[in-house]
Amino acid sequence: QGQLKIASAAMAARCRLAARFHHVHGTNIRLDASRTQATRVESFANGLCFSQEPLAPGQVFLVEIEEKELGWCGHLRVGLTAHDPQSLEVVPEYSLPDLVNMGDTWVFAITRSHNRVVVDGEEAQARGPPWEPFLLIEQVRIPRDTLVGRSRPGRYSHILDDLYKMNVLPATARRSRIGVLYAPQPDGTADMHIVINGEDMGPSARHLPMTRPLYAVVDVFASTKSVRVIPVEYGFPSLQTLCRLVIQKHIVHRLAIDGLDLPPLLKSFCQHE
């Protein structure tokens, strides 16, 4: 148990350091000072970004869609590459097909729906209860709450409230959260998994090499204009998070939170985060 705590602490420290973009990126990308926000400033391509560091096994690289741009076809693309961004003479214009054609790269195009991978011809499994505090992907255990994107309540929030109660936003919507990770396999390789708003899409690529460092790939493509890296803390959910899960499980509508006898900060946390 002591070794598990040490490993969890090491993973948490690593994740905090890795939760930003590499300084090598596509020509149309502008990073903010913290290198946690990537914005495509023109056109629809040359939006490739990479994680600052290689990912550890089971470490999710998570981004939230912050801004959309109408008029383009296609959405965010995410994946993994064994190419060190620093070694690229020129950053490819596209992740698909350019970066993938270089080999040792696996990229998944996010669509409005139908992102789930069917495993071995079987039907996709139903997702677990949205208030389950952890997402389990094989031996990987990730706090679910951070993985979930949420719409903000407003004038038309009742339209999205059923989605909100199920902890679901459309995959390509603003505030949707999309992550990528790899899960080690018994044969020494790894499977790549895409996580969309707390739901595992299944192994979208298999037999990735564990012998080479693997960097996250985020292609800020077409209608996706800007994304932000969301740090994921590995460990037990906070009391604040557990309170929110219980409250959201029992309310009829998010705006009803205003009428509850709760501290203002907790109300805001339950409604907006």
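Where is the place of Ala-222 in this chain? Ala-222 sits in the loop between β12 (215-219) and β13 (224-230). Strand and helix names here are DSSP runs, numbered from the N terminus: helices are H or I with at least four residues, strands are E with at least two.

Before I go on, some ground rules. This is a predicted model, so to speak from the record: local features need pLDDT of at least 70, side-chain atom pairs count only at pLDDT 80 or more, and totals for chains, interfaces and linings use all residues. Residues are numbered from 1 along each chain as its sequence is written, and side-chain values use heavy atoms, with hydrogens and water left out.

Okay, back to Ala-222. It isn't a glycine, yet its phi is positive, about 55 degrees. Ala-222 also counts as buried, at 0% relative accessibility. Buried means under 20% relative accessible area, exposed is over 50%, and partly exposed is in between, with a 1.4 Å probe and protein chains only.

Then there's Asn-197, another non-glycine with positive phi, near 50 degrees. You'll find Asn-197 in the loop between β10 (189-196) and β11 (199-209). Asn-197 is buried, with a relative accessible area of 2%.

One more backbone item: the peptide bond from Leu-96 to Pro-97 is cis, omega near 10 degrees. Pro-97 belongs to helix α2, residues 95-101.

Now the sheets. Strands of a sheet pair through backbone hydrogen bonds, either parallel or antiparallel. For the pairing here, DSSP has to find at least two bridges between two strands.

Which strands make up the open sheet of 4? The order is β3-β12-β5-β6, with antiparallel pairing. At the edges stand β3 (48-50) and β6 (105-109), each with a single partner strand, so one side of each has no neighbour in the sheet. Twist averages 20 degrees from one strand to the next; the axes behind that are lines fitted to C-alpha atoms, for helices over the stretch in contact, and angles run from 0 to 180 degrees between N-to-C directions. Inside this sheet, β5 (residues 77-81) and β6 run antiparallel, joined by 5 bridges. Thr-81 stands opposite Thr-105 in β6.

There's also an open sheet of 7 strands, ordered β1-β2-β13-β4-β9-β10-β11, again with antiparallel pairing. Its edge strands are β1 (29-31) and β11, each pairing on one side only. Here the twist averages 25 degrees from one strand to the next. Take β4 (residues 61-68) and β9 (residues 177-184): they run antiparallel, with 4 bridges joining them. Leu-62 stands opposite Gly-179 in β9.
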